[in-house]
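Please look over the sequence and the structure shown here before reading on.

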Amino acid sequence: MDLALLVLRRVVGGLVAARGLGKLAGWLRAGYGLKGTAGYLAGFGFRPGTFWAIVVGLTETSAGIALAAGLLTPLAGAAIAGTMFVAARTDHGGKGPWIFNGGWEHVLTNAAAALAVVGVGPGRYSMDRALGLDLAGTGYFWAALGLALVTAGATLAVRGNRASVLAGSAR
C-alpha cells in the first residue's frame, strides 16, 4: 500500500504542481503564464487578474509539491481540493461532468484523490513519516474537506472585490 500511495501522491501532486507552474510561467506547456492566466481568471470575475493568477499558481505549485512529497499532507490536500472546487464552480461550471465538454470530472477527481490521501495518510515513503508526523485519519480528512470548502467559498465570495486589501487595489 505504501508504494501505491507514493505513486498516487507523485502523480496527482506532480501534475497539480506542473499546472501551477504553467499558470505562473507557462512552463511545461501546462498554462499560459502569468499574463495569460490573469486574463483568463479575470474573465471569471477574479479581479485583479494578476493577483489571482499568482495566488492560484503558487497554491497549485506549492500544494502539489507538498502532496507529492507527503509533507503536511492535510494542508496540501485541503489546498488542492479548495482550488479544484473553485475551478469546478467557475471554469468548469454549467458544462456537466465530462471533461470533453469542459466539465468538472477532472478537477473533482484531483480533489477526491488529494483528500483520500489525507484520510489514509501519505504512507511510509513520505516527509510526514520521516518527520514523525502522524497527520492522517478520519479527523484530518474532515478537517481538510472543511478547510477546502471554506476557502473555496471565501474565494468565490471575495473575487472581484476591488476593496481587497490582499490584492493591494485601490477603491
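Which helices each supply at least two residues of the lining of the largest pocket?

## The largest pocket

In this model, which is predicted, the helices that each supply at least two residues of the lining of the largest pocket are α1 (2-25), α2 (33-42), α3 (49-69), α4 (73-89), α5 (105-120) and α7 (138-158). The largest share of that lining comes from α4, which gives eight residues.

The space in the largest pocket comes to about 910 Å³, and 37 residues line the pocket, with Lys-23, Val-56, Glu-60, Thr-83 and Ala-87 lying nearest its centre. Sorted by class, the lining of the largest pocket holds 21 nonpolar, eleven polar and five charged residues.

## Helices α4 and α5

On the α4 side, the contact is made by Thr-73, Pro-74, Gly-77, Ile-80, Ala-81, Met-84, Phe-85, Ala-87 and Ala-88, while α5 contributes Val-107, Leu-108, Asn-110, Ala-111, Ala-114, Leu-115, Val-117 and Val-118. The residues of this contact between α4 and α5 divide into 14 nonpolar and three polar, with no charged residue among them. Ala-87, one of the α4 residues in this contact, is also among the residues that lie nearest the centre of the largest pocket.

## Helices α1 and α2

For α1 and α2, the axes come within 4 Å and cross at roughly 95°, and α1 is therefore roughly perpendicular to α2. Gly-22, Lys-23, Leu-24 and Ala-25 of α1 make this contact with Gly-33, Leu-34 and Thr-37 of α2, and by class the contact of α1 with α2 has three nonpolar, three polar and one charged residues. Lys-23, which takes part in the contact on the α1 side, is likewise one of the residues nearest the centre of the largest pocket.

## A look at Ala-88

Ala-88 is found in helix α4, and it is one of the residues through which α4 makes contact with α5. Leaving aside residues up to four places away in sequence, Ala-88 touches Gly-93, Trp-104 and Val-107. Although Ala-88 and Leu-108 are 20 residues apart along the chain, their C-alpha atoms are separated by 7.1 Å.

Conventions:
Residues are numbered from 1 along each chain as its sequence is written. This is a predicted model: local features need pLDDT of at least 70, side-chain atom pairs count only at pLDDT 80 or more; totals for chains, interfaces and linings use all residues. Side-chain values use heavy atoms; hydrogens and water are left out. On a 1 Å grid over the protein atoms alone, a cavity is a set of points where a 1.4 Å probe fits but cannot get out, and a pocket is an open set with protein on both sides within 12 Å along at least five of seven lines; lining residues have an atom within 4 Å of a point. Grid points are joined across faces, edges and corners, and a volume is the space filled by probe spheres set on the points. Ala, Val, Leu, Ile, Met, Phe, Trp, Tyr, Cys and Pro count as nonpolar, Asp, Glu, Lys and Arg as charged, and the others, Gly among them, as polar. Contact means heavy atoms within 4.5 Å. Axes are lines fitted to C-alpha atoms, for helices over the stretch in contact, and angles run from 0 to 180 degrees between N-to-C directions. Angles under 35 degrees count as roughly parallel, over 145 as roughly antiparallel, 65 to 115 as roughly perpendicular and the rest as oblique.
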